[in-house]
Amino acid sequence: TILARGQRASPTHIYVCHLRLHLDEMGPTADFDWAAAEALRATDAVDAGHLLHMPTHLDIQVGEYAKAIASNQKAIAADLRQLALAPSRFSIYTGYVVHNMEFCAWAAMYAGNKAAALGACEQLEGFLDEPRLRSHPILANFFEAYTTTRLMVQIRFGEWAAILATAFKEDQSLYLAHTIFLHFARGLALAIGDDV
């Protein structure tokens, strides 16, 4: 394949390695190209959050949750550095940023690391606030569902009282997924009953 030829010509080329990981994540874990993953982890493109994040698509499938957390934290830091440099040019990159933050939260949930999961939620909520959701007519359609991440973390760690203390968002038409998922989370919390 053209991808294999590219890897033979330049085994650590970051774009080729990036494409390889996108291919690998859809196939059997036995075929994962860990050398490509490590090339991205070691890249000197330290402000390219998506490249730093990509090895975690393999990590999480084989239980390497600590690696997935660490790489996503580096990716998030890179994203936030870029946001500070060019805040007005971030609409198109919003999906990558929230994906890295949510991915970090999920890796932490799988690892049983509540502190890291909640830390990723804090970053996500700080980034994906209401002004950002309203900054473009279709942004909320694509990204509002990410606002449910804290509820997922609270369910994972049995934070039932915190769920019941969570208020519904004032604009439930904007926060559609959050509203639906909060009903679900509250149902679980109430089903637990006296243990809350």
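Met-152 is found in helix 11, where helices (H or I, at least four residues) and strands (E, at least two) are DSSP runs numbered from the N terminus. This is a predicted model, so to speak of local features takes a pLDDT of at least 70 and side-chain atom pairs count only at pLDDT 80 or more, while totals for chains, interfaces and linings use all residues. Residues are numbered from 1 along each chain as its sequence is written, and side-chain values use heavy atoms, with hydrogens and water left out.At 18% relative accessibility, Met-152 counts as buried; the classes are buried under 20% relative accessible area, exposed over 50% and partly exposed in between (1.4 Å probe, protein chains only). Leaving out residues up to four places away in sequence, Met-152 touches Trp-106, Met-109 and Phe-181, a contact being heavy atoms within 4.5 Å.

Zooming out, the chain has 13 helices and zero strands. Its C-alpha atoms fill a box of roughly 60 × 40 × 25 Å along the principal axes. Of the 196 residues, 43% are buried. Among contacts with a separation of 6 or more, 62% come from residues 24 or more positions apart.

Now for the charged pairs. Side chains of opposite charge can pair when their charged atoms come close. Searching the whole structure turns up 11 salt bridges, each defined as a side-chain nitrogen of Lys or Arg within 4 Å of a carboxyl oxygen of Asp or Glu. One of them joins Glu-122 and Arg-150, with the closest N and O atoms 2.7 Å apart. Glu-122 lies in helix 8 (residues 114–127) and Arg-150 in helix 11 (residues 149–156), so this pair ties together parts that are 28 residues apart in sequence. Another salt bridge has the side chains of Arg-134 and Glu-130 meeting at 2.9 Å, N to O. Both ends are partly exposed: Arg-134 has a relative accessible area of 45%, and Glu-130 comes in at 32%.

Arg-41 belongs to helix 3 (residues 34–41), and its side chain makes polar contacts with Glu-38 at 3.1 Å and with Asp-59 at 2.8 Å. A polar contact here is a pair of N or O atoms within 3.5 Å; within protein, one must be able to donate a hydrogen and the other to accept it, and residues adjacent in sequence count only if both atoms are side-chain atoms. The Glu-38 and Arg-41 side chains also qualify as a salt bridge (3.1 Å, N to O). These two residues are three apart in helix 3, about one turn of the helix, and Glu-38 is partly exposed at 34% relative accessible area. Setting aside neighbours within four places in sequence, Arg-41 is in contact with Trp-34, Pro-55, Asp-59, Lys-67 and Ser-71.

The largest pocket holds about 160 Å³. On a 1 Å grid over the protein atoms alone, a pocket is an open set of points where a 1.4 Å probe fits, with protein on both sides within 12 Å along at least five of seven lines, and lining residues have an atom within 4 Å of a point. Grid points are joined across faces, edges and corners, and the volume is the space filled by probe spheres set on the points. The lining includes Glu-125, Asp-129, Arg-150, Lys-169, Tyr-175 and His-178. By class, it has four nonpolar, three polar and four charged residues, with Ala, Val, Leu, Ile, Met, Phe, Trp, Tyr, Cys and Pro taken as nonpolar, Asp, Glu, Lys and Arg as charged, and the others, Gly among them, as polar.
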